Structures are given as C-alpha cells and as structure tokens.
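Dear colleague,

I am handing over the structure we spoke about, with the sequence alongside. Please look through it first, and then read my notes below.

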Amino acid sequence: NSIVKKTYGSRVSSQANAAAKQLLETMERKKSNLCVSIDVTNKSDLLAVAEAVGPDVCLVKTHIDIVEDFDMDLVEKLTALSKEHDFMIFEDRKFADIGNTVSLQYSAGVHKIASWSHITNAHLVPGPGIISGLAKAGEPLGRGLLLLAEMSSAGALTKGDYTKACVQAAKDDKSGFVCGFIAMSRVDEADGPCEKDLLVLTPGVGLDVKGDALGQQYRTPDQVVRQSGCDIIIVGRGIYGVLMTEEGKADKVTAMNKVREQGSRYKKAGWDAYLARIDD
Ligand code: BMP
C-alpha cells in the first residue's frame with residue numbers, strides 16, 4: 001500500500017487540496033510528470049518556452065521576480081497558455097518569513113502571486129505560523145503549498161530532524177493547504193506508510209550533466225522517480241538551456257525547436273520511469 005505503487009489517477013480522490021487534485025488529474029490525462037522550470041529574465045522568452053513545452057508538461061514553474069519586464073500582462077498570457085495547453089502554474093517563491101509578512105508577500109506587492117499561481121512553496125524555518133499566514137491568502141482561492149523538506153544543492157542544511165519536522169508539519173496540517181514537498185526522496189514514507197496522500201516534486205534533474213558551477217546536483221528521471229519514489233521531475237536548464245548559448249541567442253527559431261525536443265525527451269524519460277516504478 002505504498003504510495004509509489006499507486007497510479008497518479010488513483011490518487012486523485014484522496015486529495016483534500018483542490019490544486020493537488022487538479023495536478024494529479026492533469027498528470028494522468030497528459031501522461032506527464034514533467035514540470036518545466038522557466039528561469040529566464042524576460043517576458044517573451046518565458047512565454048515562448050511555455051508555449052513550446054506546454055503540450056508536454058503538467059506544470060510550469062516560475063521565478064517571477066527575475067523577469068525584468070514583468071507586468072500583469074505576462075500573468076494573463078501565461079494563464080491563457082495554461083488553459084490552452086492544460087498545465088498548472090507553480091511560483092517557486094520559497095517564502096521564509098513570519099506568518100503576517102508572508103501573507104502580504106503572497107497576496108500583494110507587484111506580483112500578487114496568490115491570484116495566479118496554483119501552487120507555491122515555503123521553508124519551515126520560521127515555524128508553522130508560515131503555513132497559517134500563507135493559508136490565509138491561498139486557501140480561499142483553492143491554492144496549494146509545498147514545504148521545502150530537502151534541497152538539491154550541495155551542502156544543503158535541509159536534512160535529518162529538519163526534514164522530519166517538515167513532514168510532520170504537513171501531516172499535522174488539518175486544513176489540507178499543504179499538499180506536498182520539494183524533496184529528493186519519498187520523505188513522507190521515510191518511516192513507513194503515510195496516511196495522507198502528499199506529492200513529492202523534485203528539482204535537480206538532468207540527463208546530460210551532473211551539476212553546475214554553483215552547487216546544483218543533477219540526477220536522472222529514473223533515479224528520481226523510479227529509484228527514489230518522487231512524483232514530479234522539475235527540469236530547468238536541461239530543457240531551455242540552449243537559449244543561453246550564443247547559437248541559441250542568434251537563432252531563436254532553431255533554439256525553440258530544440259527546447260520543444262528536450263521537453264518531449266524529458267517527458268518520456270519521466271513517464272517511462274513512472275511506468276517502470278508502478279510495474280516493478
Ligand atoms: P535547473 O534544472 O536549471 O538546475 O533549475 C532547477 C530549478 O529548481 C531552479 O529554478 C531552482 O531554483 C529550483 N530548485 C532547485 O534547483 N533545488 C531545490 O532544492 C529547490 C528548488 O526550488
């Protein structure tokens with residue numbers, strides 16, 4: 001009865017959270033456990049990548065504060081693409097302050113994240129008040145929250161008792177606003193089966209390289225989904241990286257074709273790993 005043996009579709013009905021429910025439905029419908037992380041610094045590239053990989057992904061992850069020409073038109077266009085191509089949106093904001101402050105950061109300011117992002121995430125460093133603060137803004141809108149239980153970067157302090165406290169906080173959350181984790185492994189089942197059905201989303205995924213110069217560490221979709229039991233692979237530069245090269249900047253059309261190709265390559269690798277996992 002371990003969660004890793006269940007199909008995504010069979011987990012829909014056990015979701016207390018509307019965003020998690022919709023995400024699992026989308027994964028099953030599109031046969032995709034791929035989230036693309038579009039970490040580019042201008043609107044047009046962000047929208048072009050979302051358009052190119054849209055059909056292959058269940059989720060688009062943003063770092064909205066790196067977009068230099070951000071305005072609400074970007075949000076409207078991204079939302080339109082999410083409807084057209086049937087994907088959800090995850091703003092990787094990594095909230096980390098007291099409840100009152102994060103509630104404002106989430107709902108107000110320039111970005112008004114809660115108004116358009118189906119899912120966001122938070123560190124548990126300030127304690128469970130951060131969950132209540134974010135829930136105040138996100139719950140009425142049916143949003144979902146992921147806790148950063150483990151990180152992919154070398155030397156991360158997210159381990160041991162800290163990871164356990166994140167899992168406990170998710171289990172203790174009565175509201176259902178916390179719907180899963182950013183983690184490198186099946187943290188919710190580290191000490192046996194978990195009653196709540198939570199999602200594990202995993203960054204640090206790459207097929208061609210092992211890391212970057214700033215501490216990122218990559219594993220393959222098979223290591224992440226089949227061997228470690230995680231639910232969703234998050235891939236950034238492995239998909240859009242060509243746009244950062246001189247050739248990519250010089251010839252956007254060819255580069256976008258490459259982005260599309262990488263998107264379908266990672267989609268297949270993630271889904272094959274999932275099929276192997278439920279069959280194993
Ligand atoms: P890339 O695949 O290009 O390395 O990008 C990974 C993305 O996932 C980045 O947006 C990063 O902020 C995010 N991320 C991560 O790499 N490791 C974590 O532990 C948590 C993250 O959100």
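What follows is a short account of the ligand site and of the salt bridges. Please keep in mind throughout that this is a predicted model.

I begin with the ligand, which sits in the largest pocket. The shell around the ligand holds 14 residues, and of these D39, K94, S152, Y218 and R237 come nearest. By residue class, that shell divides into 4 nonpolar, 5 polar and 5 charged residues.

The side chain of K61 places an N or O atom 2.7 Å from an oxygen atom of the ligand, while in the side chain of D92 an N or O atom is found 2.8 Å from a ligand oxygen. S152, one of the residues that come nearest, has a side-chain N or O atom at 2.7 Å from a nitrogen atom of the ligand. As for the ligand's own surface, it exposes 480 Å² when taken alone, and the protein buries 91% of that.

Turning to the salt bridges, the count comes to 18. One of them joins the side chains of D197 and R11, with a distance of 2.9 Å from N to O. This pair links distant parts of the chain, since D197 lies in the loop between β6 (178-182) and β7 (199-202), whereas R11 belongs to the segment before α1 (18-30), and the two are 186 residues apart.

With best regards

Methods: Residues are numbered from 1 along each chain as its sequence is written. This is a predicted model: local features need pLDDT of at least 70, side-chain atom pairs count only at pLDDT 80 or more; totals for chains, interfaces and linings use all residues. Side-chain values use heavy atoms; hydrogens and water are left out. A residue is near a molecule or strand if one of its heavy atoms lies within 4 Å of it. A polar contact is a pair of N or O atoms within 3.5 Å; within protein, one must be able to donate a hydrogen and the other to accept it, and residues adjacent in sequence count only if both atoms are side-chain atoms. Accessible areas come from the Shrake-Rupley method with a 1.4 Å probe; for residues, only the protein chains shown count as cover. On a 1 Å grid over the protein atoms alone, a cavity is a set of points where a 1.4 Å probe fits but cannot get out, and a pocket is an open set with protein on both sides within 12 Å along at least five of seven lines; lining residues have an atom within 4 Å of a point. A molecule sits in a cavity or pocket if more than half of its atoms lie within 2 Å of its grid points. Ala, Val, Leu, Ile, Met, Phe, Trp, Tyr, Cys and Pro count as nonpolar, Asp, Glu, Lys and Arg as charged, and the others, Gly among them, as polar. A salt bridge is a side-chain nitrogen of Lys or Arg within 4 Å of a carboxyl oxygen of Asp or Glu. Helices (H or I, at least four residues) and strands (E, at least two) are DSSP runs, numbered from the N terminus.
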